[in-house]
Amino acid sequence: MKAFAYFRAENAVDATKLMNQHHGKYIAGGSNLLDLMKLHLEIPEVLIDISRLPLNDVEETSEGGLKIGAMVLNSELAAHPLVRLRYGVLSRALLAGASGQLRNMATTGGNILQRTRCSYFYAPDSACNKRIKGSGCPALHGLNRMHAILGGSAACIAQHPSDMAVAFMALDAVVVTLCLDGSSRQIPLDDFYRLPGLDPQQETVLQFGELIIHIILPPPPMGIHQYYKVRDRASYAFALVSIASIIDIDDRRIRAIRLAFGGIGTIPWRNKQVEEFLVSAPPCYPIFAQAADILLSGAKGAGENDFKIELTRRLLISTLQKAVSGDHS
Ligand SMILES: Cc1cc2nc3c(=O)[nH]c(=O)nc-3n(C[C@H](O)[C@H](O)[C@H](O)COP(=O)(O)OP(=O)(O)OC[C@H]3O[C@@H](n4cnc5c(N)ncnc54)[C@H](O)[C@@H]3O)c2cc1C
């Protein structure tokens, strides 16, 4: 790891001032950034430690939603009584991520900004358009078992790795930021991530130095909250395919539904056409199969990851069937 200067920020304004002065990199839990620094994939000359910012509360909003500080740890958020009671999909997604030790370090802001786990991205000697624009994407014809089947481009098919962001996507989360000029922005998570296109280095709409300070969740949607994650090991493994679903259902029809997917997209994946198709439809296999067709109509495998198309179809159908049968295990 290369030497760097280190500053600890006391509050959000202080952090952005330090960023304005030093043009460094924020570090929160460090569980992703330090790995990238050890591999020289990130070489910041200045680290601005934001882990002590007073942004570690989960508060109820006046609208009945939640305001989550960017420094709230993944373990604290998963265990928070309001999250467990009202946002089960979020608690389940968090507990499906990483390991207990990592969740004790990882922060809310850092989690949604973690980088892909594409093996070529992590191999300094390999070409990678995400690291060096125009250098190529060996994953397109190489080791791509973990890679995305939706949202990819000729430049990049790296999958987005976060579990929490998938639940946030289903919950219509809004990212609140503080910009370097002192202004604040509220960015719906739907608009937060950028598809790779020809410029996969740009992963979000954040500007340089923009600090995430909160995540706002609207009031919890009614219905059954589920998060299922298919992976190579039962724990401590990234998703091959995951699904966050919130379903309000009776015997005759689906009253309301939210669905988001992990492991299959270059960004946490939500396709509202699938939800629109399902709302008011009878909860039965042919309808679920048609929903899977809509979700996967643009899906494209690159060889080793072709199986994800069928796996996603099965996971979506079985999740909906479990909601109908009352099996939420
Ligand atoms: C072995 C291993 C297994 C894992 N398994 C999973 C898994 O199954 N599921 C999963 O979801 N994750 C998994 N993770 C990833 C882990 O969840 C992330 O590393 C973690 O959430 C990142 O949070 P952090 O606070 O440590 O971020 P950091 O490493 O501190 O920061 C990450 C990035 O975000 C930026 N940043 C951080 N906070 C802010 C902010 N408030 N505003 C602006 N920029 C900010 C930093 O500058 C940096 O670029 C795994 C990690 C490891 C090492």
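Analyst: Let's start with terms: on a 1 Å grid over the protein atoms alone, a cavity is a set of points where a 1.4 Å probe fits but can't get out, while a pocket is an open set with protein on both sides within 12 Å along at least five of seven lines; lining residues have an atom within 4 Å of a point. Points are joined across faces, edges and corners, and a volume is the space filled by probe spheres set on them. This is a predicted model, where local features need pLDDT of at least 70 and side-chain atom pairs pLDDT 80 or more, while totals for chains, interfaces and linings use all residues. Residues are numbered from 1 along each chain as its sequence is written, and side-chain values use heavy atoms, with hydrogens and water left out.

By the cavity rule there are four cavities of 30 Å³ or more. The largest cavity holds about 160 Å³ of space. Its lining has 20 residues, with Lys130, His160, Glu203, Thr266 and Ile267 nearest the centre. The second largest pocket comes to about 200 Å³, and 14 residues line that pocket, with Ala148, Gly152, Ser153, Ile157 and Lys300 closest to its centre.

Now the ligand. There are 34 residues around it, and Tyr26, Gly30, Ser31, Thr107 and Asp163 come nearest (near means a heavy atom within 4 Å). Sorted by class, the shell has 17 nonpolar, twelve polar and five charged residues; here Ala, Val, Leu, Ile, Met, Phe, Trp, Tyr, Cys and Pro are nonpolar, Asp, Glu, Lys and Arg charged, and the others, Gly among them, polar.

For polar contacts, read pairs of N or O atoms within 3.5 Å. A backbone N or O atom of Gly30 sits 2.7 Å from a ligand oxygen. The side chain of Lys229 puts an N or O atom 3.0 Å from an oxygen of the ligand, and a polar backbone atom of Ala237 is 3.4 Å from a ligand oxygen. On its own the ligand has 980 Å² of accessible area, and the protein covers 92% of that (Shrake-Rupley, 1.4 Å probe).

The ligand lies between domain 1 (1–54) and domain 2 (224–325), because both give residues to its shell. Those bounds come from an automatic or database domain assignment, and the C-alpha centres of domain 1 and domain 2 are 37 Å apart.

Terms used
Polar contact = N/O pair within 3.5 Å; in protein donor to acceptor, adjacent residues only side chain to side chain.
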